[in-house]
Every structure is written in C-alpha cells, then in structure tokens.
Amino acid sequence: MASAVPFLNVYLVLVGLMLGSFINLAADRIPRRESVITPASHCRSCGRRLNAIDLIPVAGYLLRRGRCATCGVQIGASSPTVEAVSGLLMAVALIWLGPWPGALVGLGLIALWGLAVTGLSVRRNQAT
Ligand SMILES: [Zn+2]
C-alpha cells in the first residue's frame with residue numbers, strides 16, 4: 001500500500017499558503033476596521049472582484065506580474081512574500097516533525113506569523 005503521507009504534506013502546505021492569503025487580507029483590513037469576511041477580495045484601486053487566478057497564493061501574483069489585471073495598479077511584493085513564508089513554515093514543520101505533530105506546529109507557527117504581520121500592519125497604519 002502506497003503511503004498517503006506525501007499527499008497529506010502537499011495538502012497541508014497548500015493550507016499554509018491559503019492561510020497566508022488570509023493573513024494578507026486581515027493585515028489589509030483589520031487596521032481599517034473592515035470586516036475580514038465581507039466583501040469578497042477586490043482590487044483597492046478599481047474595485048474589481050478578484051477571481052480564482054488572482055487568488056492563487058504566490059502563483060496568482062506571478063501570473064499577473066504583480067499588477068491588477070484590470071487597472072494595472074501594482075499589488076506590492078509583500079503579499080506573495082507573506083503567502084510564501086506561511087507555506088514554508090508549514091513545509092519546514094512537516095519536514096522537521098513529520099505530518100504529526102508537524103501539521104499542528106506548522107499551524108501554530110503560521111498563527112504567530114499572522115499575528116506578527118497583522119500587528120505590524122496595524123502599527124504602520126497608526127503611524128501614518
Ligand atoms: Zn484594479
């Protein structure tokens with residue numbers, strides 16, 4: 001019987017990347033006291049709702065060359081960086097500890113990373 005562990009690891013790293021995507025959204029909206037649930041992700045500049053391609057962590061940014069596909073406004077390198085770091089934290093925890101307790105440690109590391117990114121974003125917004 002083939003081991004399911006490689007698939008589990010890929011799935012968990014994808015979860016890490018998607019959590020990174022949520023961290024970006026939270027870091028963008030929480031300092032503005034906006035809801036992190038609604039409205040759906042949209043371009044800050046033209047208001048276009050982001051589609052499936054825009055929302056792929058890291059790869060979406062690369063495919064769009066860091067710009068909104070509609071208005072061409074620059075998205076900024078921080079968002080794919082935050083996503084990549086989240087995926088990497090999960091990958092490192094899995095390699096280091098195996099799927100269990102690696103998955104749990106990975107989620108914990110991503111949670112801390114999310115708090116740090118969101119906290120810095122709040123502080124930056126207060127300063128300006
Ligand atoms: Zn736009």
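Predicted model: local features only at pLDDT ≥ 70, side-chain atom pairs only at ≥ 80, totals over all residues.
Me: What is the mean pLDDT of the chain, and which helix has the highest confidence?
Reply: The mean pLDDT of the chain is 93, and 97% of its residues reach 70 or more. Confidence is lowest in H2, at a mean of 92. It is highest, at 97, in H4.

Me: Roughly what box do the C-alpha atoms of the chain fill?
Reply: The chain has 128 residues, of which 23% count as buried. Among contacts between residues at least 6 apart in sequence, 60% join residues at least 24 apart. Taken along the principal axes, the box filled by the C-alpha atoms is roughly 50 × 30 × 25 Å.

Me: What span should helix H1 have, and how far apart are its end C-alpha atoms?
Reply: Helix H1 covers residues 5–29, which is 25 residues. At 1.5 Å a residue, H1 should span 36 Å.

Me: Is Gly-20 buried or exposed?
Reply: Gly-20 lies in helix H1. A residue is buried if 20 or more other C-beta atoms lie within 10 Å of its own. Gly-20 has 28 C-beta neighbours inside 10 Å, so Gly-20 counts as buried.

Me: How far apart in space are Gly-20 and Ile-110, C-alpha to C-alpha?
Reply: In sequence, Gly-20 and Ile-110 are 90 residues apart. In space, the distance from C-alpha to C-alpha is 7.7 Å.

Me: Which residues is Gly-20 in contact with, leaving aside its neighbours within four places in sequence?
Reply: Gly-20 belongs to helix H1, and its side of the packing between H1 and H4 includes Gly-20 itself. Leaving aside neighbours within four places in sequence, the contacts of Gly-20 are Pro-57, Val-82, Glu-83, Val-85, Ser-86 and Gly-87.

Me: At what angle do H1 and H4 pack, and how far apart are their axes?
Reply: Two packed helices are described by the angle between their axes and the distance between the axes. For H1 and H4, the angle is about 145° and the axes are 7 Å apart.

Me: Is the crossing of H1 and H4 left-handed or right-handed?
Reply: Residues that make the contact include Leu-12, Gly-16 and Ile-23 of H1, and Val-82, Ser-86 and Leu-89 of H4. The crossing of these two helices, H1 and H4, is right-handed.

Me: Which residues is Val-117 in contact with, leaving aside its neighbours within four places in sequence?
Reply: Val-117 is one of the residues of the largest nonpolar core. Leaving aside neighbours within four places in sequence, Val-117 is in contact with Ile-23, Ala-27 and Val-82.

Me: Which two residues are joined by a cis peptide bond with omega of about 5°?
Reply: A cis peptide bond with omega of about -10° joins Thr-38 and Pro-39, and Pro-39 is found in the loop between H1 and H2. Another proline, Pro-101, has its place in helix H5. The cis peptide bond with omega of about 5° joins Trp-100 and Pro-101.

Me: What is the phi of Arg-65, and is this residue buried or exposed?
Reply: Arg-65 is found in the loop between H3 and H4. Although Arg-65 is not a glycine, its phi is positive, at about 50°. With 10 other C-beta atoms within 10 Å, Arg-65 is exposed.

Key: Residues numbered from 1 in each chain as written. Helix = DSSP H or I, 4+ residues; strand = E, 2+ residues; numbered from the N terminus. Expected span 1.5 Å × (residues − 1). Buried ≥ 20, exposed ≤ 12 C-beta atoms within 10 Å, placed from the backbone. Contact = placed C-beta atoms within 7 Å. Core = buried A, V, L, I, M, F, W, Y, C linked by C-beta atoms within 7 Å. pLDDT = per-residue confidence, 0-100. Axes fitted to C-alpha atoms, helices over the stretch in contact; angles between N-to-C directions. Left-handed = near helix turned anticlockwise from the far one by under 90°.
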